[in-house]
Amino acid sequence: MKIKEIKTVIKEYDNESELSAEDKKLITTAREVSKKAYAPYSGFKVGAALLLENGEIIEGNNQENSSSPVGLCAERVAIFYAGAMYPDIPAKALAITASMEHDFIDEPVTPCGSCRQTLYEHESRFNSPIRLILAGKKKIRIIEKTGDLLPLAFDKTYLEG
Ligand code: THU
């Protein structure tokens, strides 16, 4: 028997002052777009700002539905829009923010399992990492690639026989 340990490196910041101008801009964009989320059922408004290699920033927010599984998270709204509009351009960073009752939450929001799998598909497709910038009001976490949040991920290699 072997025991294998999987490590995830997370950079944590107490405020935005140490971040690059690019990361700060992505957080600001994610906060702005979160205000336009359609989240009447949960009241949890998520914003995503996805930076592509060509410099374009794609915005997404969560879109809920009275039939709950039909809705979609902010991250997937952004990544699917990027895939539709710029099918050949990899994404390089994604900032995510969330608010409840008009106030941004203290803790950094983290992508759900389905979003992790979707972002990982993009990373594998382009063989290029997406840096995650998870921004709370009191803490910011940076993870250098989404695959780090999805150890032992299922990917296309399993389907190649
Ligand atoms: N949500 C996101 O948009 N992204 C996340 O990372 C976590 C959850 C949305 C889905 C749903 O509209 C609401 O937040 C509450 O789960």
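Visitor: Which residues are around the ligand?
Guide: This is a predicted model, where local features need pLDDT of at least 70, side-chain atom pairs count only at pLDDT 80 or more, and totals for chains, interfaces and linings use all residues. Numbering starts from 1 along each chain as its sequence is written, and side-chain values use heavy atoms, without hydrogens and water. With near meaning that a heavy atom of the residue lies within 4 Å, the residues are Ser42, Phe44, Val46, Asn62, Glu64, Cys73, Ala74, Glu75, Thr110, Pro111 and Cys112.

Visitor: How much of the ligand does the protein bury?
Guide: Accessible areas come from the Shrake-Rupley method with a 1.4 Å probe. Alone, the ligand exposes 370 Å², and the protein buries 75%.

Visitor: Which elements give two or more residues to the shell around the ligand?
Guide: Elements are DSSP runs numbered from the N terminus: helices (H or I, at least four residues) and strands (E, at least two). Those giving two or more residues are β2 (44-52) and α2 (74-85).

Visitor: What do the buried residues of α2 pack against?
Guide: Buried means under 20% relative accessible area (1.4 Å probe, protein chains only), and in α2 these residues are Ala74, Glu75, Arg76, Ala78, Ile79 and Ala82. Judged by contact (heavy atoms within 4.5 Å), they pack against β2, β3 (57-61), β4 (91-100) and α3 (113-126).

How values were computed. Buried means under 20% relative accessible area, exposed over 50%, partly exposed in between (1.4 Å probe, protein chains only).
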